Amino acid sequence: MLLTIFGIGGIFHGDLGMIYAIVGDNPNLYDTTDVIDTYVFRMLRQMNDISMSTAIGLYQSFVGFVIVFITNSIAKKLDPDSSVF
């Protein structure tokens, strides 16, 4: 149950290194291969928009935290010993 809770928290995180190594700076592939992490990296690197990159990264982390919290509360209802907090 613990591994499920932590795994669900990482659902919004893509593998930036792998995707960026395959796609690189090819704008023809952005429509099909873009994930939140590559979008944040591209906004920071190409457009120098630090505030937008920070806001998107913070939103991604906040949504992941909310999902972990919901999953933990469901686990607590199923088995009180299986929850994280």
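1. A residue is called buried under 20% relative accessible area, exposed over 50%, and partly exposed in between, with a 1.4 Å probe and protein chains only. By that scale Met1 is partly exposed, because its relative accessible area is 45%. Met1 lies in the segment before H1.

2. The model is predicted: local features need pLDDT of at least 70 and side-chain atom pairs count only at pLDDT 80 or more, while totals for chains, interfaces and linings use all residues. Residues are numbered from 1 along each chain as its sequence is written, and side-chain values use heavy atoms, with hydrogens and water left out.

3. A nonpolar patch on the surface includes Met1, Leu2, Phe6, Phe62, Phe65 and Val66, and has about 1200 Å² of accessible area together. Patch residues have over 30% relative accessible area and no salt bridge, and nonpolar side chains (Val, Leu, Ile, Met, Phe, Trp, Tyr) are joined within 5 Å. A salt bridge is a side-chain nitrogen of Lys or Arg within 4 Å of a carboxyl oxygen of Asp or Glu.

4. Helix H1 (2-9) and helix H5 (50-78) each supply at least two residues of this patch. H5 gives the most, with 7 residues.

5. Helix H2 (residues 16-23) and helix H4 (residues 36-46) pack at an angle of about 65°, with their axes 9 Å apart. H2 and H4 are therefore roughly perpendicular, a term for angles of 65 to 115 degrees.

6. H4 and H5 pack at about 160°, with axes 8 Å apart. H4 and H5 therefore count as roughly antiparallel, the term for angles over 145 degrees.

Key: Patches are made of residues with over 30% relative accessible area and no salt bridge: like charges are joined within 9 Å, nonpolar side chains (Val, Leu, Ile, Met, Phe, Trp, Tyr) within 5 Å. Accessible areas come from the Shrake-Rupley method with a 1.4 Å probe; for residues, only the protein chains shown count as cover. Helices (H or I, at least four residues) and strands (E, at least two) are DSSP runs, numbered from the N terminus. Axes are lines fitted to C-alpha atoms, for helices over the stretch in contact, and angles run from 0 to 180 degrees between N-to-C directions. Angles under 35 degrees count as roughly parallel, over 145 as roughly antiparallel, 65 to 115 as roughly perpendicular and the rest as oblique.
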